[in-house]
Each structure stands twice: as C-alpha cells, then as structure tokens.
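Open the model in your viewer and get your selection tool ready. The tour goes stop by stop.

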Amino acid sequence: MATPLSDPSLSPLRTIAVIGLGTMGTGIAEVLARAGREVVGIDISEAAVAKAAATLETATARAVQRGRLTEQERADVLARVRTSTDLTAAADADLVIEVAPESYEIKHQIFRELDGIVRPDTILATGTNALSVTRLAADSARPERVLGLHFFNPAPAMKLVEVVSSVLTAPTAVTAVTNLALDLGKEPVAVGDRPGFVADGLLFGYLNQAAAMYEAKYASREDIDAAMRLGCGLPMGPLALLDLIGIDTARTVLEAMYAESHDRLHAPAPVLKQLSEAGLTGRKSGRGFYTYEAPGSATVVRDALTPLESSERNQGREVRSVGVAGSGTMASGIAEVFAKAGYEVVLAARSEEKAQTAKARIGKSLSRSVDKGRMTAEAAARTLDLITAAGSYESFADVDLAVEAVAEDLEIKQQLFQTLDKVCKPGAVLATTTSSLPVVACARATSRPQDVIGMHFFNPAPAMKLVEVVRTVLTGEDVHATVREVCVKIKKHAVDCGDRAGFIVNALLFPYLNNAIKMVQEHYASLDDIDAAMKLGGGYPMGPFELLDVVGLDVSLAIEKVLHREFRDPGLAPAPLLEHLVAAGCLGRKTGRGFREYARR
C-alpha cells in the first residue's frame with residue numbers, strides 16, 4: 001500500500017536532486033543553486049559530471065563579470081552544488097527532477113531505483129517534454145507524488161515552467177513545485193498530461209510542418225526561416241530552431257507525440273529521420289538543415305544549398321512607375337512604400353473620392369513619421385507628391401508594375417485582372433497581393449499569364465519587412481527577377497514560394513493557431529496559460545489568442561477553410577469553437593469581443 005503523501009506545500013523544498021547533467025540538467029541545477037537550494041547533481045557519466053561542474057564555474061564567473069553576482073555569492077552558489085555518479089546520493093532530497101534522455105525505459109528504470117532510495121514523501125518530477133507523465137507515474141511505487149516539471153532551454157534564461165499533473169498526482173505535490181517555480185523567479189503554468197503539453201504541443205507540430213515544407217522543395221530553408229521571423233516576429237526561423245534543438249531530439253519528441261495523438265501533424269517528416277540517421281543533427285554536429293563553422297558553433301557558413309548573391313540572378317524589367325489598385329489600408333500602405341522608395345505611384349480606386357481618401361490616409365501616416373523623427377517634413381511632402389490619386393484604372397496605361405490590393409474575393413480580383421490586361425501596356429508586370437487565393441486564377445483571367453505574379457505584403461505594409469513572392473507555373477523568369485529587384489529597392493525582404501494555399505507564413509501559422517483553439521475547446525488549458533506559454537516558452541511576440549483577436553476570427557476562419565480545402569488533412573479542419581465564435585459575431589478586437597472582451601472605443 002502506498003504511503004500517504006505528507007503536505008510538502010507546507011515546508012519548502014530545500015534539497016533537490018537533478019538526475020541527468022546534460023545542458024538542461026546543468027541549467028536547472030544552476031537556477032536552483034542561485035535561488036538558495038541545496039543541489040545534488042547526478043549522472044552515470046563521470047565526463048558529464050565534470051562537464052557540468054565546469055559549466056557552472058563558467059556560468060557563475062560570467063555572472064560576476066556582468067555584475068549579477070558578487071564573488072562571495074558565486075562561492076556560495078558553487079558550494080551549494082555537489083555531484084555524484086550514484087543515484088543513492090538523492091536519498092535526502094525533498095524533490096528529485098529527472099532530465100534523462102526521452103525514453104520510457106530509461107526513465108522507468110530511474111524511477112524504480114528511486115523508489116528504494118528516497119523518502120516516502122519525496123516528490124519525483126520528470127522533465128520530459130513529450131512522454132506521458134501518467135505512464136511514468138503508474139509504474140512508480142507512489143504515483144501520487146509523481147508529476148512533470150518541464151523547464152525550457154536555456155533554463156537560467158527562460159521564464160516558463162510547465163507543471164504537469166496526471167490523474168494520480170496529489171494536489172499538495174503540485175502546490176509544492178508551483179511554489180518552488182515562483183521562488184525561482186519562473187512563471188509556472190499548470191497543464192494536464194498530453195503529448196507536448198502546451199508549448200511543445202503547439203511548437204513541434206509547426207516545426208514538423210516547416211521541415212515537410214522544406215523537404216517538398218516548396219521553399220528554401222533561408223526563405224522559410226526569414227518568412228517566419230519577419231512575417232510573425234519570431235526570434236528564430238523553424239529550421240534554424242530545429243538545428244538548435246537537435247534534429248534527433250525533435251524526431252524523438254515528435255515520435256512520442258504521434259504515438260499518443262495519432263495526429264498526422266505530429267508524424268515526423270521523413271527528412272528528420274534521414275538527417276538524424278546520417279548524424280546531421282544540427283548545431284551540435286556542425287550540420288543539420290544548415291552547415292555550421294564547427295560542431296557546437298552558431299555561425300552558419302555557405303554550402304551547396306546557399307542561394308546565389310543577387311548579382312548572380314537573372315536581370316528583370318525596368319520599373320519606373322507603379323500602379324496600386326484599391327483604396328483600403330493595404331492599398332494605401334503599399335502605395336506609401338513605393339513612393340518612399342522614389343517610384344511614381346498611381347493610386348487608383350473605383351471612384352476619385354475613394355482614391356483621394358486613400359491618399360489622405362497616406363498623408364496622415366507620413367505626418368506621424370515626421371512627428372516621430374523618422375523623416376523630414378520636406379521628404380514627406382516629396383513622397384506625397386509622387387502619388388497621383390485616380391478614379392479609374394485607365395490611369396494605369398503607362399505603369400511598369402500594377403499591384404492589385406482589392407477585396408480578398410476571387411471573382412472581384414479576376415474582374416480587375418481582366419481590366420488590367422486591357423489597360424496596361426505590353427510588358428507591364430501585373431501583381432496580386434492575395435494572401436490565400438490562387439495566383440494562377442488571376443493570371444488565367446488575362447491574355448498574358450506569364451506577366452502575372454503574387455506579391456504578398458504583410459500588414460501594416462510600411463512597417464513589415466516581408467514580401468512573399470509567389471510564382472505560378474506560368475510566371476516568366478524575368479517577371480520574377482523584376483519583382484525581386486523591386487523588393488530590394490523598396491527595402492523589403494523577398495521570399496520565394498509556389499502558388500499554393502497559405503504560401504509560407506499562413507500555411508505554417510494558421511494550423512498552429514487552430515491547434516491552440518482546440519486546446520481551449522478541449523478544456524486542456526486556459527487562454528491565458530496558452531498565451532503565456534508561447535510568449536515565455538517560444539519567444540513569440542504575441543500569444544495565439546492575442547494574435548487571433550488582432551487578425552480577426554472571420555479572417556482566420558476563412559484562411560483555415562482554404563488550407564483544409566487544399567491539403568485535405570483532417571487535422572487542418574477549422575476548430576468548431578472558431579466557427580461558433582464567428583457565427584456569433586465575435587470577430588476579435590474589431591467587434592469588441594473575440595476570445596477575449598475589449599473596451600469599446
């Protein structure tokens with residue numbers, strides 16, 4: 001019979017054993033020691049123990065240099081850490097944190113041995129990020145004291161800690177480790193036991209899709225990574241992040257997640273298996289998706305897959321004047337971008353009044369830039385003078401590039417492209433800014449599909465650096481080269497992608513957002529905890545629900561439907577909760593209510 005768990009929440013966890021002294025285990029040991037805890041670091045490898053001790057010496061010395069510790073405090077921290085290669089060293093621990101390799105067999109073995117070593121009231125925490133805590137607890141002699149304590153790498157810097165309960169976990173154990181996390185200066189998020197928990201459950205599906213996108217040769221590694229950094233404000237692109245995590249580690253996590261979820265989004269992309277079995281595991285081996293200066297280095301070096309310099313690319317057509325079709329925020333933003341770069345711009349709408357309103361919006365935007373010191377009043381005036389407002393598309397007769405930025409409706413866009421085909425001169429490049437519709441459908445509405453291309457700007461166009469350049473199977477090489485050259489001149493970062501739903505950013509972003517909605521729908525975690533997990537654990541500038549409310553739930557639903565229709569993957573079907581909110585008119589900030597409520601302006 002299991003010994004009843006005493007109430008550890010009433011007495012702080014003072015002595016803590018950390019089993020597994022790799023990067024994560026050593027980082028956790030440092031965090032604990034700096035917070036005044038007595039730490040026992042245990043690893044079966046003498047080399048790992050020695051390396052951990054050296055790492056702690058270096059990390060604390062660096063903290064002294066940066067003024068974060070005094071020499072005395074550093075000495076005290078190091079004195080609080082003792083190491084061993086024997087599991088019996090954990091005998092006096094109030095808490096044991098296991099961060100051994102992601103293997104049920106290894107973790108079960110450790111927990112079985114600990115049952116005969118630690119006190120009956122000692123809490124056992126697994127640092128797994130993918131395996132079932134319930135399965136690990138069920139094999140323990142006292143499952144009520146087993147839980148998950150998932151730190152993020154690097155442990156000293158990352159604020160998030162996921163506290164994972166199984167159906168067997170005693171609430172007192174959860175309270176004790178939650179209090180510990182708070183004492184460590186971390187942000188604990190309470191989650192249930194499911195594959196990947198919150199942060200990795202959302203993150204690894206996205207990383208896996210990015211790997212599959214690269215494997216399909218849909219876009220280059222550089223373009224996939226740049227698209228997600230610049231289009232979503234992420235600190236790293238997905239393929240660079242996979243190299244940092246370790247491709248073998250990512251594959252192991254995904255295998256574990258897929259075994260539990262049977263969701264195709266978690267089935268590891270074959271390229272992950274190929275790279276990991278070839279020993280190309282990322283930064284630690286010196287090569288993964290990218291090639292690095294040396295094993296362990298973060299410096300990327302050129303290899304056979306590195307793209308050509310711009311000077312080595314094909315030459316495009318000359319562009320002196322640009323026509324922008326539309327009168328909304330996107331159209332005026334794009335017109336502002338071209339005018340700031342010195343292009344003569346014709347901003348045309350269905351009426352002179354709409355065009356003038358759009359130009360006035362640009363004037364206000366330029367005035368804000370002057371007020372903020374980003375440009376002079378003279379430069380703003382010159383920029384506005386380059387823009388001609390017109391109430392007819394006939395005014396596009398002499399433009400070299402016509403950019404369509406009208407409503408996201410295929411029939412409306414096709415009608416416009418028929419008009420552009422008639423009014424634009426031969427050799428003019430015709431571009432659509434669609435974010436989800438097929439570019440080739442716009443091209444086929446013209447007699448010159450070779451001149452049609454996608455230029456997907458991000459909102460707000462003056463601020464966002466990314467442009468997805470979307471070639472159809474009919475787009476001419478010189479047209480593609482023209483748009484790439486224009487992007488350089490307007491100081492945007494162009495990424496190339498093919499004509500399929502979502503292009504790069506939306507194809508990777510919206511399944512992640514949809515999966516976050518499913519977590520809430522299934523009562524797995526709260527909106528606030530999921531948003532906090534992704535901001536603190538993934539470095540995202542906004543949590544998924546903050547972002548959904550900004551984008552608009554109706555817009556998000558429309559994109560989800562397009563992705564589901566194109567890829568036919570059941571996992572991409574829009575979450576019913578999203579459909580219900582849209583049906584109820586809860587569209588996000590613009591209506592005052594979405595996933596959260598907002599004060600009416």
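**Stop 1: helix H12**

Select the buried residues of H12: Ala331, Ser332, Gly333, Ile334, Ala335, Glu336, Val337, Phe338 and Ala339. Buried means under 20% relative accessible area, exposed means over 50%, and partly exposed lies in between (1.4 Å probe, protein chains only). H12 is mostly covered, with nine of its twelve residues buried.

A word on the model before you move on. It is predicted: local features need pLDDT of at least 70, side-chain atom pairs count only at pLDDT 80 or more, and totals for chains, interfaces and linings use all residues. Residues are numbered from 1 along each chain as its sequence is written, and side-chain values use heavy atoms, with hydrogens and water left out.

Helices (H or I, at least four residues) and strands (E, at least two) are DSSP runs, numbered from the N terminus. Now select the whole of H12, residues 329–340. How far apart are its end C-alpha atoms? They are 16 Å apart, which agrees with the 16 Å that twelve residues should span at 1.5 Å a residue. The expected span is 1.5 Å times one less than the number of residues. Step on to glycine 342, which follows H12. The phi of glycine 342 is positive, near 95 degrees.

**Stop 2: the open sheet**

Show the strands. Eight of them form an open sheet, in the order E3-E2-E1-E4-E5-E6-E7-E8, with mixed pairing. Two strands pair if DSSP finds at least two bridges between them. Look for the edges: strand E3 (81–84) and strand E8 (187–192) each pair on one side only. Neighbouring strands of this sheet are turned by 25 degrees against each other on average, direction ignored. Axes here are lines fitted to C-alpha atoms, for helices over the stretch in contact, and angles run from 0 to 180 degrees between N-to-C directions.

Zoom in on strand E1 (residues 15–19) and strand E2 (residues 38–42). These two run parallel, joined by five bridges. Pick alanine 17: opposite stands valine 40 in E2.

**Stop 3: salt bridges**

Side chains of opposite charge can pair when their charged atoms come close. A salt bridge here is a side-chain nitrogen of Lys or Arg within 4 Å of a carboxyl oxygen of Asp or Glu. By this rule the count comes to 29.

Begin in helix H1 (residues 23–34). Glutamate 30 and arginine 34 meet in a salt bridge, 3.3 Å from N to O. They are four residues apart in the helix, so about one helical turn separates them. Glutamate 30 counts as buried, at 9% relative accessibility. Arginine 34 is partly exposed at 35%.

Next, select Asp94, Arg119 and Asp121, which are linked in a network of salt bridges. Between arginine 119 and aspartate 121, the closest N and O atoms are 3.1 Å apart. Both residues are partly exposed: arginine 119 has a relative accessible area of 30%, and aspartate 121 has 26%.

Now go to arginine 221 and aspartate 303, whose closest N and O atoms are 2.6 Å apart in their salt bridge. This pair links distant parts of the chain, 82 residues apart. Arginine 221 is in helix H8 (residues 221–232), and aspartate 303 is in the loop between strand E10 (300–301) and strand E11 (321–325). Buried or partly exposed? Arginine 221 counts as buried at 2% relative accessibility, while aspartate 303 is partly exposed at 24%.

**Last stop: serine 435**

Find serine 435 in the loop between strand E15 (429–432) and helix H16 (439–443). Serine 435 counts as buried, at 17% relative accessibility. Which residues is serine 435 in contact with (heavy atoms within 4.5 Å), leaving aside its neighbours within four places in sequence? Select Glu408, His456, Gly502, Phe503 and Asn506 to see them.

Note on methods. Contact = heavy atoms within 4.5 Å.
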